[in-house]
Amino acid sequence: MRVAVWTLLLCLCGAPCAAGPWPRAEGGLFFALSAGAADVSLWAEYGLRKTRWIAADLRRDADGTVTGALIFNQALPLPGALADRAVAAFSTRSEVTRSPEGFYGSSTRITLSAGIGFSAPLSGWATAAAAYEYSEISEKLLSDWSLGLQLRPRFAALFQGEYERALLSPATRKLGATAVVHLRDNLRVTAGLWRNNAGTGELRLGSWLEF
């Protein structure tokens with residue numbers, strides 16, 4: 001399903017909740033590398049079953065903070081004809097962070113996500129996700145959405161939004177637009193621009209390889 005393939009590109013753009021609700025094919029491998037001014041990240045996925053897959057996320061921030069996470073994903077059943085073009089998933093994320101000073105922290109996140117594909121007036125998809133994250137120092141509510149449009153056989157565009165709020169702290173919001181170029185059957189590259197509610201912009205470049 002082409003919608004499922006393009007949805008995996010969400011993980012290149014730093015979405016806070018999940019890479020997307022479409023399952024990875026059983027036995028399939030996926031690797032993604034992305035970089036911006038604030039971090040460099042590597043994402044990997046492996047399909048366990050038709051409706052279950054795992055992911056690993058490794059990130060290094062500009063200040064030297066290193067974060068590693070393991071994510072378990074389970075697709076949820078949808079009724080009848082809806083399941084032919086839509087999907088929903090539940091995921092859990094366990095994360096460990098090491099600061100430049102050598103201090104460690106951990107957090108746990110649960111996420112519900114959903115997506116739907118469409119073919120008119122353009123081929124594409126839309127997704128939405130909501131998450132709750134708990135750590136020893138804070139709790140967070142997160143959400144994101146995306147709209148993907150396949151404009152040509154080798155070119156697609158992503159439009160995304162992110163929301164994050166730590167309890168008792170101001171919310172942060174980001175909007176982004178990303179161009180996706182299909183180089184080969186299993187290789188794509190991306191270039192995206194992001195802007196947060198503080199007015200700070202960021203250019204993110206990425207690529208992914210699928211087996």
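Mentor: Start with P121. P121 sits in the loop between β6 (104-118) and β7 (123-135). A cis peptide bond joins A120 and P121, with omega at about 0°. This is a predicted model: local features need pLDDT of at least 70, side-chain atom pairs count only at pLDDT 80 or more, and totals for chains, interfaces and linings use all residues. Residues are numbered from 1 along each chain as its sequence is written, and side-chain values use heavy atoms, with hydrogens and water left out.

Trainee: What makes up the secondary structure of the protein?

Mentor: The protein has 1 helix and 12 strands. Both kinds are DSSP runs numbered from the N terminus: helices are H or I with at least four residues, strands are E with at least two. Along the sequence the pattern is α-β-β-β-β-β-β-β-β-β-β-β-β.

Trainee: Why is the protein called as compact as a globular protein of that length?

Mentor: Set the value against the rule. The globule rule is 2.2 Å times the number of residues to the power 0.38, and the radius of gyration is taken over C-alpha atoms. For 211 residues the rule gives 17 Å; the protein has a radius of gyration of 17 Å, close to that, so the label holds.

Trainee: How many aromatic pairs are there by the rule?

Mentor: The count is 2. Rings of Phe, Tyr and Trp (its six-membered ring) pair if their centres lie within 6.5 Å; planes under 30 degrees apart count as stacked, over 60 as edge-to-face and the rest as tilted.

Trainee: Why is the pair of F30 and W208 called tilted?

Mentor: The centres are 4.9 Å apart, and the angle between the planes is 55°. F30 is in strand β1 (residues 29-35) and W208 in strand β12 (residues 201-210), 178 residues apart.

Trainee: What makes the pair of F31 and F211 edge-to-face?

Mentor: The planes of F31 and F211 stand at 75° and the ring centres are 6.2 Å apart, so the pair is edge-to-face. F31 lies in strand β1 and F211 in the segment after β12, so the pair ties together parts 180 residues apart in sequence.
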